[in-house]
Amino acid sequence: MFVDFTEPLVVKGNCPLQVTSDGYKFSIFLWNMLDASESGSIGGDACRFFDALIAAYDDIMAFHSVAAKFEHLVGWTIAVYQHGIGAMLERGDPDRNRALFKYVAEQFKKIFKLDNTAALGIDDRLKDYAKVWCGNLQKMLKRVKKDYGEYAENYTFNYIYKPRAKKAAPAPVDVAAAATAGSKKAGPPSPSPTSVAHAPEMQQGSIGQLKDDTAEAKKSAIGSGAKREATTSSTEASPAPKKSKKDQAMELINRINTVEGVSDESAIFDSCPVVVAKIK
């Protein structure tokens, strides 16, 4: 595409960039370069667009002045948005495109994050103007798939630093209050149908008698428990003496001899289980 680079520059609209400023000249020059790179081949145009834009970005980063760098970044953004770089968005390498847009957005983010940019030579009017064009480019990159088809890629252009909201710490749990609430929710236990309050035949005197009987039963249980403890302790204190193996053998022989029909002189032909059954 033929482009006249010698055409006089004219500021259109309410642009804070002066015609004689380097930022404005840079923007128009880059825009003309993109126009001149068009040849009708989408794949070739995509490569040339990217080469022009990445070279322009490298030149911007060579500036030491923050104000000059910011002004040329604004010019870069205007040129990209006004031209549209359709071939690059439709057929360009998504990874290279994504990296380039991220580089530029990060530079804007660093400058917008500064508190006193006026001391660096950046007035507020230019900052507001830059945010408008950054917003336009961000919207254009978000709708790439819609404009160029399902095989194209959408891109992000996060030029503003947005602090993440801190997660609120969980409130401390009041155990006592929770227990109180739980007990209130549960309510008092339902009285048993067999309780004293629900027995119609229980009179006041019977209730008193029942209390006395219950007290006596408790005393008796306590006393029997004490006796059991004493008996158990005395039994445990004097265990039965163990018999020797000889005594156990003699006792076994005696039990065998007491079985009827067994002679001391006759032999035993029964099997062991039968003998054991006879002994028992």
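This is a predicted model: local features need pLDDT of at least 70, side-chain atom pairs count only at pLDDT 80 or more; totals for chains, interfaces and linings use all residues.
**Briefing on selected helices and residues**

L120 counts as partly exposed because its relative accessibility is 36%, a value that falls between the 20% limit for buried residues and the 50% limit for exposed ones.

**L120 and a surface patch**
- L120 is found in the loop that lies between α5 (94-112) and α6 (124-142).
- Together with V66 and L114, L120 makes a nonpolar surface patch of about 200 Å².

**Helix α1**
- Helix α1 covers residues 22-36, and because each residue is taken as 1.5 Å, its 15 residues should span 21 Å, which agrees with the 21 Å that separates its end C-alpha atoms.
- The buried residues of α1 are G23, Y24, F26, S27, I28, L30, N32, L34 and D35, and these buried residues pack against α2 (42-61) and α3 (66-83).

**H72 in helix α3**
- H72, which lies in helix α3, has a relative accessible area of 6% and is therefore buried, since the cut-off for a buried residue is under 20%.
- When neighbours within four places in sequence are left aside, H72 is in contact with D22, G23, F26, I60 and F63.

**V276 in helix α11**
- V276 belongs to helix α11 (residues 272-279), and because its relative accessibility is 41%, V276 counts as partly exposed.
- Although V276 and I256 are 20 residues apart along the chain, their C-alpha atoms are separated by 9.0 Å.

Conventions. Residues are numbered from 1 along each chain as its sequence is written. Side-chain values use heavy atoms; hydrogens and water are left out. Helices (H or I, at least four residues) and strands (E, at least two) are DSSP runs, numbered from the N terminus. The expected span of a helix is 1.5 Å times one less than its number of residues. Buried means under 20% relative accessible area, exposed over 50%, partly exposed in between (1.4 Å probe, protein chains only). Contact means heavy atoms within 4.5 Å. Patches are made of residues with over 30% relative accessible area and no salt bridge: like charges are joined within 9 Å, nonpolar side chains (Val, Leu, Ile, Met, Phe, Trp, Tyr) within 5 Å. Accessible areas come from the Shrake-Rupley method with a 1.4 Å probe; for residues, only the protein chains shown count as cover. A salt bridge is a side-chain nitrogen of Lys or Arg within 4 Å of a carboxyl oxygen of Asp or Glu.
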